[in-house]
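Subject: A structure for you to look at

Hi,

Here is the structure I promised to pass on to you. Please open it beside this email and follow along as you read.

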Amino acid sequence: MGSDPKLDPVTLAVLRGRLEQIADEMDATLYRSAFNPIIAEAHDACHGLYDAQTGDTLIQGKSGLPVFVGAMAFAVRAAMRAAEGRGGMQPGDVWLFNDPYEGGTHANDFKLVRPCFRQGQLYCFLASAAHWHDVGGAVPGNYNPAATECWQEAVQIPPVRIVRDGQIEEDVLAILRANTRLPDSLWGDLNGQLAALELGAGRLDSLLDEYGDARVAAALQALRERAVKLMRSHIASLPDGRYSFEDVLDNDGVRDVTLTIALDMTVQGDRLTLDFSRTSPQCAGPVNISRATAVAACYVALKHVFPDVPANAGVLDAVDFIIPAGLVISAARPRPVGGYTETILRMIDVIFSATAQADPQRAVAHAYGTINALSIAGHRTDAQRQGQRWVMFSFFGGGHGGHSGADGLSHGNAPISTATIPPLEILEAAYPVRFTQWALRPGSGGDGLHRGGLGAVYEIELLEEAAEAFIFGERGKAPPQGVHGGQPALPNVFEYQSQGQWLRPPMVSKMLGIRLNKGERVRLSTPGGGGWGDPAQRSAADRARDADLGYIPDDSREKA
């Protein structure tokens, strides 16, 4: 894609807006049509445009998950490779798969890739990623904290055509529907993604007809070049040097031994090197991630540090990665990778802390560092729905880290995404549960000149006769850290009732097969964010306001 002399700054700005609007409309289409609340309410999905030759990200919508920007490029390339030996990419095709080793993230995230042709030539790809509610495996909702191989987590689908020449492949659909506890939900979510891609293709054709294929191609190239230039400028503003930090995961869900995520970050001129060689080897349990997911996590962290850089592959053109094979962040099949969210959150934390050593003003203290993936599942016992399977899956919020400008956000979602926490009203309406507590957790944010945001307390009561619960969390041992002299937050605490007693998991933050009877409850007390700056410099007025709002308990610090 060469430069176009007619591509003036105003036209470039207009085309950027129009292209982003295509991705935004695709997002909105899926959110409005998906059956499962994790897509419809929490917005755990993403759409974008991808390069025809390389699969690189060209455009992503503003409401899609940032972690998918890096991961979806790997997904598109996987579809491209699969098509090479099976007749190539053809008009009217849509490819589908959930292979987390090729396409990143985990098996719940189904990727759909659609080639877009102009005058018989491949112009670009449109792609959709979305978190399906249940895709087989040993645990309803698929967050299996004790998995030791990928097949215990979910059905594994390689890249296949789900649509051929505009017609859905009924054989593939039958296989998908046979490998879920919730076939109607799967069917609705798949249709939503196909509809989003159809809309995107129509919008793209209209834009190309209006402005011309060459001019839009030139705009996409210019936007990437601008991202590279801006990223290099930001890196060059950091002092040259080597900055190191390491943090830990509680355990892998199989052995109660901490795992290290270690970073050595080198700034040299306008290039950045992220070296994770000192990270722990791949493990038995499901906190492994693929290299594709690790690269995507680095993208998210860098976008937090340098938020004005456009969301395309140019962000990573100035970054070198050293991620040797066989680490917990570069695991190979069949190592389980279902809990990828917990590991990439730790990668983001170590990048934040290494950046704080180079430039504290840019840095953000650690956020709460776990999505606390909770599944509660059982069968209906009322007369109208006798025996019907139900699966509640949700993730939960916590505090964000303080930064140079302000205190951290209280009760936010994880920094890997722009997803939202599903509203309790939606969850209560869809499943036989009642939230008896949904509140801020006083004292949970780390102290500092700018304190960390507060975590939350969620208490959920079972209304059915019996069910099983499954928890996959983190930050139960090592709490979120502060930066630039800020203090750590409180750790994560999960508890459940059994025969009148409150108990905690042997693995601290992970457990499967928790048997619940009617009226029994589970409780999550999520971490706050780390503090930023010396606590001694926090003003008396700010501390008085914290006390007045109940952000600090009477003893000044809640006991975990």
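Predicted model: local features only at pLDDT ≥ 70, side-chain atom pairs only at ≥ 80, totals over all residues.

Residues are numbered from 1 along each chain as its sequence is written, and side-chain values use heavy atoms, with hydrogens and water left out.

**The sheet**

Strands (E, at least two residues) and helices (H or I, at least four) are DSSP runs, numbered from the N terminus. Two strands pair if DSSP finds at least two bridges between them. Strands β1 (residues 45-51) and β2 (residues 57-60) run antiparallel and are joined by 3 bridges. Their hairpin has 5 residues between the strands, and Gly55 takes a positive phi near 80° there.

Where do these strands sit in the open sheet of 7 strands? The order is β2-β1-β5-β4-β3-β6-β7, with antiparallel pairing. β2 and β7 (167-168) stand at the edges with a single partner strand each, so one side of each is left without a neighbour in the sheet. At the β7 end, 2 bridges join β7 to strand β6 (residues 160-164), and the two run antiparallel. Arg164 stands opposite Gln167 in β7.

**Empty space**

Rolling a probe the size of a water molecule over the atoms shows where empty space is left. On a 1 Å grid over the protein atoms alone, a cavity is a set of points where a 1.4 Å probe fits but cannot get out, and a pocket is an open set with protein on both sides within 12 Å along at least five of seven lines; lining residues have an atom within 4 Å of a point. Points are joined across faces, edges and corners, and a volume is the space filled by probe spheres set on them.

How many cavities of 30 Å³ or more does the structure hold? There are 4. The largest cavity has a volume of about 120 Å³. It is lined by 14 residues, with Asp44, Thr341, Ile371, Phe395 and Ile416 closest to its centre. The second largest cavity holds about 60 Å³, and its lining includes Pro100, His106 and Cys150.

The second largest pocket has about 290 Å³ of space. Among its 15 lining residues, His133, Leu182, Ser185, Arg389 and Tyr431 lie nearest its centre.

Enjoy exploring!
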